[in-house]
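Trainee: I am new to this structure. Please take one part and go through it closely.

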Amino acid sequence: MESKSAAEMDCAQSSAPLSKTWARIRTSPRWIVGIALLLRVAWIVMGHTYKFKSTADNFSFGWEMGRIGASLASGHGFSSPFGPATGPTAWEPPLYPYLTAGVFLVFGIYSKASALVLLTINSVFSALTCVPIFLIARRIFFEKVAVGSAWAWALLPNVMFWSTRWIWETSLSALLLTTIFWLALTLEDRDGLLPWFQFGLLWGVAALTSTSLLSFLPVAGLWAWYRRAKRGKKSLAGVVLASAVFFACITPWLARNYQTFGKFIFIRDNFGAELRLGNGNGADGTWMEYLHPTQDVYAMRQYQAMGELPYVAMRKQQALDYIRADYRRFAGLWVKRFIYFWAGPPKATQPWWVNDVKNSLYLASSVLMFLGLGRALRLRKPGAWLVFWLILLYPAIYYVVFPAPRYRVPIEPEMAILAVFLLTEAEKRTTASVPVQSSERESG
């Protein structure tokens, strides 16, 4: 064999530190989070996504969240979710509107500076989600899936979209639910009451951020209790503590609602109105936006004249009457909403080919997730059944009301993990088959 030249040896020696540095960066959650945040902030600045349209009195700046935040910052309290002064509201959970109000107080109501700050905060939430994604994937599967899943969340444009263009609780909800999922997975290994305190606190914050996340609470708690019981660990004191912390978090808001409206309201009150926006004459499985008070002048007048609670009750009754009149029709809408949740809803406002391309990618991610989940269950991966229950329970309410791409974001971290796992398994099979085929050719 010919000896290597001095130049080749110098090149190899100089590239070795670089390869080690890249290997360290590639597998480090801290670096992944840092790069994810850098990309998101760069997108906000270079794409000018902080410049919202001022039409409709800046409604696209946070929609109901922005309206309530502006009301709080103006000294009018938690009220007026649609613009006109309509009095106190429980249309949205309180946490994100209060966050928005705090930014408004410092940087100005509906200002570009406030938009930049809020989108940056959302980007921090989104980037930090890489950490629980990494930890979950490493626990259920292995390091390669953990690294791939975290990078997928860091780099995919559809993930970055929600944190860089929407002033809403979406990115915070994804971070909270993913962190809670990881904590539920690891409670069986942890001793003492601190993990249970964290469990109750995170669920309390989640409830005040997005009530739809609570569909996963019973399963997460029962899962942790069951896994600990299999190891002979007691959980009663921990469950009591977590429950006490959870109710301590939400009770002040429940008391505010009772004092304000004179009746018990569990965090938010708009379910009946949302049910009507998916069920009624003209329903096709999508959001009937044209019935929303911000789009329908008559609906807004009803809301103003009746007040929030009577208006929501009226809308709920209309929806229930429509459902009860023909359960078979409702079942058909349920199927449509199931399909739209996982394959993407149609949008008449876009060219057909744009919607088809988006929905094809949307459906592909769902297919990869379902196949990955099936594979994980067959291999009896630890925690696979917890993912199953999350995928089963979280979307259920949207099959009844209506689906939207934003509603899927809180469970997309787990979806990304399953998709990367499936692709990794396919790669392993392909790699394993190559030597066999090569040896067969050589023997032939």
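Trainee: What is the relative accessible area of histidine 48?

Mentor: For histidine 48 the relative accessible area is 40%, so this residue is partly exposed. Buried means under 20% relative accessible area, exposed means over 50%, and partly exposed lies in between (1.4 Å probe, protein chains only).

First, some ground rules. This is a predicted model: local features need pLDDT of at least 70, side-chain atom pairs count only at pLDDT 80 or more, and totals for chains, interfaces and linings use all residues. Residues are numbered from 1 along each chain as its sequence is written, and side-chain values use heavy atoms, leaving out hydrogens and water.

Back to your residue. Histidine 48 sits in the loop between α2 (29-47) and α3 (55-58). Helices here are DSSP runs (H or I, at least four residues), as are strands (E, at least two), numbered from the N terminus. The phi of histidine 48 is positive, near 55°, and the residue is not a glycine. Aspartate 57 also has a positive phi, about 55°, and is not a glycine. Aspartate 57 lies in helix α3. With a relative accessible area of 52%, aspartate 57 is exposed.

Helix α2 leads us on to helix α9. The buried residues of α9 pack against α2, α6 (112-128), α8 (143-155), α10 and α21 (405-408). Contact means heavy atoms within 4.5 Å. Helix α9 covers residues 157-165, and its buried residues are Val159, Met160, Trp162, Ser163 and Thr164.

Next comes α10. Helix α10 (residues 170-186) packs with helix α19 (residues 384-393) at an angle of about 145°, and their axes are 11 Å apart. Axes are lines fitted to C-alpha atoms, for helices over the stretch in contact, and angles run from 0 to 180 degrees between N-to-C directions. From α10, Leu177, Phe181, Ala184 and Leu185 meet Leu386, Val387 and Leu390 of α19. The residues of this contact are 7 nonpolar, no polar and no charged. Nonpolar covers Ala, Val, Leu, Ile, Met, Phe, Trp, Tyr, Cys and Pro; charged covers Asp, Glu, Lys and Arg; the others, Gly among them, count as polar.

Now for two loop residues. Phenylalanine 82 is in the loop between α4 (63-73) and α5 (95-107). At 5% relative accessibility, phenylalanine 82 is buried. Beyond residues up to four places away in sequence, phenylalanine 82 touches Glu64, Arg67, Trp91, His292, Pro293, Thr294, Met300 and Tyr303. Take threonine 294: 212 residues separate it from phenylalanine 82 in sequence, yet the two are 6.3 Å apart, C-alpha to C-alpha.

Threonine 286 occupies the loop between α14 (271-276) and α15 (297-306). At 13% relative accessibility, threonine 286 counts as buried. Apart from neighbours within four places in sequence, threonine 286 contacts Leu277, Gly278, Tyr340, Pro345, Pro346 and Phe402.

Finally, the whole. The protein has 22 helices and 0 strands. Its radius of gyration is 25 Å, close to the 22 Å of the globule rule for 444 residues, so the protein is as compact as a globular protein of that length. That radius is taken over C-alpha atoms; the rule is 2.2 Å times the number of residues to the power 0.38. Buried residues make up 48% of the 444 residues. Of the contacts between residues at least 6 apart in sequence, 71% join residues at least 24 apart.
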